[in-house]
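Subject: Structure handover

Hi,

Here is the structure you asked for. My notes follow below it.

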Amino acid sequence: MEEINVATNLHSIWQRISAAEQLANRPSGSVSLLAVSKTKPDNLIRAAWNAGQRAFGENYAQEAEEKARRLSDLNIEWHFIGPIQSNKTRGLAQTMAWVHSVDRLKIAQRLSDQRPEDLPPLNLCLQVKLSNEPTKSGIAPSELPLLVEQVSKLPRLHLRGLMAIPAATTDPQEQRKSFKQLQLLLLELQKYQPKIDTLSMGMSGDLEAAVVEGSTLVRVGTDIFGAR
Ligand SMILES: *Cc1c(COP(=O)(O)O)cnc(C)c1O
């Protein structure tokens, strides 16, 4: 197997983000990096932590909780970005700092109810299904305002913004079109929810397009940790 140099890969992603910020005339540091470590072993996460990365994302509830417990000596900010079944919410509420993939009230309600009192409110993004997406997850844009209103009232959650996973394409114009849709939805919500500040969009293959369209957090796995 090819040797993965996580530190070198991280530095090149930080450079790509910084170049994209400049190209988009956005302040340096306005886009943060979530290192997506799903299916990858603890030693690679430790290598990334040693290189200075602090926020990590996981897709599978059990794997996420186990890693959070095993790596609790590191001060990692854990983000959950995968589909959520309602019987998995408790462990996530106990171990995650953020959940990006909420698309229905029932899940949000459970996360709020189950968030331990000694932890700060759980940061939350709502996952939106954009027009050309084949995935099952994500709420339709037309249903978003009602869900935002309901979720913003839950006491143990801090609604931060929106997340999407557009259909993969290598055409930068197509990438930008999808990301633009999500940005417009966020701008609309910010008119009446001024505390919403997060656009979680962009991955290994399309982070530049996402940054041009206002992403504040890119989620990168493959280009840091290698193919899965
Ligand atoms: C796996 C995954 C990523 C990372 O994708 P890469 O193409 O490996 O960078 C980002 N976001 C979500 C929701 C994912 O499931």
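The ligand is surrounded by Val36, Lys38, Asn59, Ile81, Ile165, Met203, Ser204, Arg219, Val220, Gly221, Thr222 and Arg228 (a heavy atom within 4 Å counts as near). By class, this shell holds five nonpolar, four polar and three charged residues (nonpolar: Ala, Val, Leu, Ile, Met, Phe, Trp, Tyr, Cys and Pro; charged: Asp, Glu, Lys and Arg; polar: the others, Gly among them).

This is a predicted model: local features need pLDDT of at least 70, side-chain atom pairs need pLDDT 80 or more, and totals for chains, interfaces and linings use all residues. Numbering runs from 1 along each chain as its sequence is written, and side-chain values use heavy atoms, with hydrogens and water left out.

A polar side-chain atom of Arg219 sits 2.9 Å from a ligand nitrogen. A polar backbone atom of Gly221 is 2.8 Å from a ligand oxygen. An N or O atom in the Arg228 side chain is also 2.8 Å from an oxygen atom of the ligand. The protein covers 89% of the 380 Å² of accessible area that the ligand has on its own (Shrake-Rupley, 1.4 Å probe).

Next, Glu213. Where is Glu213 placed? In the loop between α8 (207-212) and β8 (217-220) (DSSP runs, numbered from the N terminus: helices H or I, at least four residues; strands E, at least two). Glu213 counts as buried because its relative accessibility is 4% (buried is under 20% relative accessible area, 1.4 Å probe, protein chains only). Beyond neighbours within four places in sequence, Glu213 contacts Arg176, Phe179, Lys180, Gln183, Leu199 and Met201 (heavy atoms within 4.5 Å).

Best wishes

Definitions and conventions:
A polar contact is a pair of N or O atoms within 3.5 Å; within protein, one must be able to donate a hydrogen and the other to accept it, and residues adjacent in sequence count only if both atoms are side-chain atoms. Buried means under 20% relative accessible area, exposed over 50%, partly exposed in between (1.4 Å probe, protein chains only).
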